[in-house]
Amino acid sequence: MSRFRQEWDLIPGAAFVIAGVLYLAYVTLMAFVWLAGPIVEGDAVHPIVWGWFLVTAALGVLMVPFILLVGYVWSDAKRRGMNAVLWVLLAIFIPNAIGIILYFILRDPLSVPCPSCQAPVGKELVCCASCGTVVRPSCPECRRATRDGWTHCGYCGAALRPSTPSPAP
Ligand SMILES: [Zn+2]
Ligand SMILES: [Zn+2]
C-alpha cells in the first residue's frame, strides 16, 4: 500500500459526507441566488446568468478538498496524540488554509500505539503514559529514547550497551 493511500485512508468517512452535503447545499444556495428570481417572475434565464451560476458552482468545488484536509487533520492529530479539536478549529477558522499549513509545519512526530493498551505514544517517549509499558530503549544515564544504531546517547553522550532494549534483571 502506497504512502499516499495510507494517508488518504485516514480521512474519516464523515468528512466525505460533510463535504458532499455542504457542496450540495452551496449549489442549491447558488441556484437560489442566480436562478430563483427570473424563474419566479416567469422570465427566461439569461445565458449570462446561467454562466454565473455555473462558474460559482464550479468554484465551490474547492471546498471539497478543504473539508477533506480538515478531516485528515482531525485523524492525523489524534494519531499523533495532539489536540485534534483545537487543530480542526484552527484549520477551519484561520483564513486561506493557513491553519492547515501551520498544522503540517508544527505537527508532532508520528506516535506508535502502545503494545499493551494501544494508546498513542509520542516519538520522544520511552514509556506509555497510559499504562507505563516500556515501548522504546532508553539511555541508562538520561533516560531519553535512543535510536537504532546509536552506540552513544545522542543527548548526553553516555555509552550505550550494544545489545538492546530489555531492562537489566
Ligand atoms: Zn500503554
Ligand atoms: Zn543519555
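Mentor: Begin with the axes, which are lines fitted to C-alpha atoms over the stretch in contact, with angles running from 0 to 180 degrees between N-to-C directions. Keep in mind that this is a predicted model. Here the axes of helix 2 (residues 13-40) and helix 4 come within 9 Å, and they cross at roughly 150 degrees.

Trainee: How are helix 2 and helix 4 oriented to each other, roughly parallel or roughly antiparallel?

Mentor: Angles over 145 degrees count as roughly antiparallel, and helix 2 and helix 4 are therefore roughly antiparallel to each other. The crossing of helix 2 with helix 4 is right-handed.

Trainee: Which residues make the contact between helix 2 and helix 4?

Mentor: From helix 2 come Ala15, Ile18, Ala19, Leu22, Tyr23 and Tyr26, while helix 4 supplies Met63, Val64, Ile67, Leu68, Val70 and Gly71. By class, eleven of these contact residues are nonpolar, one is polar and none is charged.

Trainee: At what angle do helix 4 and helix 5 pack?

Mentor: Helix 4 (residues 63-79) and helix 5 (residues 84-93) pack at about 155 degrees, with their axes 8 Å apart, and are therefore roughly antiparallel. Their crossing is right-handed. Val70, Val73, Trp74, Ala77 and Lys78 of helix 4 meet Ala84, Trp87, Val88, Ala91 and Ile92 of helix 5, and this contact has nine nonpolar residues, no polar ones and one charged.

Trainee: How is the protein chain divided into domains?

Mentor: Domain 1 spans 3-108 and domain 2 spans 110-169, and their centres are 41 Å apart, taken over C-alpha atoms. Four residues from domain 1 and four residues from domain 2 form the contact; on the side of domain 1, three are charged, one is polar and none is nonpolar.

Notes: Residues are numbered from 1 along each chain as its sequence is written. Chains are lettered from A and ligands numbered from 1 in the order in which they are written. This is a predicted model: local features need pLDDT of at least 70, side-chain atom pairs count only at pLDDT 80 or more; totals for chains, interfaces and linings use all residues. Domain bounds come from an automatic or database domain assignment. Two residues are in contact if their C-beta atoms, placed from the backbone, lie within 7 Å. Ala, Val, Leu, Ile, Met, Phe, Trp, Tyr, Cys and Pro count as nonpolar, Asp, Glu, Lys and Arg as charged, and the others, Gly among them, as polar. Helices (H or I, at least four residues) and strands (E, at least two) are DSSP runs, numbered from the N terminus. Angles under 35 degrees count as roughly parallel, over 145 as roughly antiparallel, 65 to 115 as roughly perpendicular and the rest as oblique. A crossing is left-handed if the near helix is turned anticlockwise from the far one by less than a right angle, and right-handed if clockwise.
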